Amino acid sequence: MKTRKFIDSMVILAAAGSGGNGCLAFRREKYIAKGGPDGGDGGRGGHVILRVDPNTDSLISLFFNPEQRAEKGQHGMGKRMHGRNGEDLVVLVPCGTEVRDASNGQLLCDLVEPGAEMIIAKGGRGGLGNPHWQTSTHQTPYEHTDGEPGEEKKIQLDVKLLADVGLVGFPNAGKSSILSQISHAHPKIGAYAFTTINPIIGTVMVGEDFETTSYRVADIPGIIKNAHQGVGLGLDFLRHIERATCLAIVVDMSGSEGRDPVEDYRTVRHEMKMYNPDLLERSMLVIANKMDLPESAENLKVFRRKTKTKPLPVSTETGEGLELLKTRLHQMIHHLA
Ligand SMILES: Nc1nc2c(ncn2[C@@H]2O[C@H](COP(=O)(O)OP(=O)(O)OP(=O)(O)O)[C@@H](O)[C@H]2O)c(=O)[nH]1
Ligand SMILES: [Mg+2]
């Protein structure tokens with residue numbers, strides 16, 4: 001299986017439509033020798049809009065149409081008829097598309113949520129018809145303006161699948177600590193519940209030199225009992241790991257603050273099921289964290305027996321098990337083990 005890093009990457013030209021020209025015209029009617037100015041304004045040029053479509057998973061359609069041009073605005077006409085606006089051109093991109101200005105690499109936006117959109121090239125404004133210049137002393141204006149050109153930009157699109165692995169667990173289980181140790185991400189870590197509010201993704205590198213490959217791990221807020229009813233931060237954020245191939249449930253094995261690791265584990269699974277039962281069908285790893293604390297070893301034995309799982313013992317304090325964790329996750333993503 002291909003490493004799910006940048007599955008697609010390309011540069012496209014986004015060319016918005018130019019605005020229609022403003023019209024120069026005068027009213028001409030029977031018996032009216034000299035009518036007033038009546039040139040309509042030009043229509044706005046169409047924008048080029050990028051929109052996230054959850055049913056699109058690559059840039060393949062753009063590969064064959066790397067120049068995306070929106071319609072021009074129509075010119076203004078006599079009888080004060082304004083030109084029609086150019087039709088906006090909507091370009092569908094997959095979830096998790098990073099958009100950069102190809103000329104300088106500057107990040108313009110990261111399109112993640114389905115339906116999210118961004119005007120990437122603005123249509124030119126329509127020109128003004130000659131009535132705009134009419135004043136009491138200037139009754140026959142010949143002034144009018146042309147439409148403005150539409151923006152034209154080369155943009156770099158990089159599709160990144162949201163994450164290969166999602167870390168789930170109770171608040172304070174150590175999800176963010178783990179991510180910060182196995183990747184270059186710097187999530188906030190704190191000895192209080194719900195330190196993490198926004199999902200964050202870290203890239204984990206495995207292998208050496210030319211053999212290096214990577215995968216993406218998402219750290220999300222903690223889940224507590226009845227989160228599916230909105231308790232704590234709720235469960236909405238689980239959508240960020242819905243596309244992950246593997247999930248890892250992080251359990252605080254020390255049972256600090258009177259917690260029971262077995263109960264935590266069951267609660268987390270139950271809440272995941274309430275959100276989307278498919279989540280429990282993913283490849284799943286249980287991470288037994290905080291193994292440096294005194295109660296952890298004993299708790300782990302009980303945990304193994306009661307849950308019939310084979311948790312991977314780790315500690316972000318001592319570093320125990322973290323290298324193995326990186327490899328295990330890599331193997332799971334690629335179905336190597
Ligand atoms: N002793 C010990 N403490 C740890 C370990 N891992 C994390 N901690 C501590 O546990 C607390 C919570 O860690 P976080 O990484 O913020 O936990 P989290 O699961 O991301 O928590 P939320 O973002 O609130 O869901 C912090 O005070 C960490 O220093 C560990 O292996 N051993
Ligand atoms: Mg956290």
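Student: Where is R80 found?
Tutor: R80 is in the loop between β3 (67-69) and β4 (89-93), where helices (H or I, at least four residues) and strands (E, at least two) are DSSP runs numbered from the N terminus. This is a predicted model, in which local features need pLDDT of at least 70, side-chain atom pairs count only at pLDDT 80 or more, and totals for chains, interfaces and linings use all residues, while side-chain values use heavy atoms, with hydrogens and water left out. Residues are numbered from 1 along each chain as its sequence is written, and chains are lettered from A and ligands numbered from 1 in the order in which they are written.

Student: OK, and what is the phi of R80?
Tutor: R80 has a positive phi of about 55° although it is not a glycine. Most residues other than glycine have a negative phi. R80 is partly exposed, because its relative accessible area is 48% and that class lies between buried, under 20%, and exposed, over 50% (1.4 Å probe, protein chains only).

Student: And N172, what about its phi and its place?
Tutor: Phi of N172 is near 70°, again a positive value in a residue other than glycine, and N172 sits in the loop between β9 and α2. With a relative accessible area of 22%, N172 is partly exposed.

Student: Moving on to α2, how many of its residues are buried?
Tutor: Helix α2 is mostly covered, with 6 of its 8 residues buried, namely K175, S176, S177, I178, L179 and I182. The cover over these buried residues includes β9 (165-169), β10, β11 (213-219), β12, β13 and α5, contact meaning heavy atoms within 4.5 Å.

Student: At what angle do α2 and α5 pack?
Tutor: Helix α2 (residues 175-182) and helix α5 (residues 322-333) pack at about 85°, with their axes 10 Å apart; the axes are lines fitted to C-alpha atoms, for helices over the stretch in contact, and angles run from 0 to 180 degrees between N-to-C directions. The two helices are therefore roughly perpendicular, as angles of 65 to 115 degrees are classed, with under 35 roughly parallel, over 145 roughly antiparallel and the rest oblique. I178, Q181 and I182 of α2 meet L322, L325, K326 and L329 of α5.

Student: Which protein atoms hold the magnesium ion?
Tutor: The protein donors of the magnesium ion (ligand 2) are S176 (OG) and T196 (OG1), at 2.0 to 2.1 Å, donors being N, O and S atoms within 2.8 Å of the metal (3.2 Å for Na, K and Ca); water is not among the atoms, so sites may look incomplete. S176 lies in helix α2 and T196 in the loop between α2 and β10 (200-206), 20 residues apart, and both are buried.

Student: Which residues touch the most others in the largest nonpolar core?
Tutor: Of its 28 residues, V168, I223, L238, I241 and M272 touch the most other members, a core being a set of buried Ala, Val, Leu, Ile, Met, Phe, Trp, Tyr and Cys residues joined through side-chain atoms within 4.5 Å. Its largest share, 4 residues, comes from α3. A second, separate core of 23 residues includes V217, A248, V250 and M332.

Student: Last one: is R125 buried or exposed?
Tutor: R125 counts as exposed, at 56% relative accessibility, and is found in the loop between β7 (117-121) and β8 (152-160). Leaving out residues up to four places away in sequence, R125 touches G19, G147 and E148.
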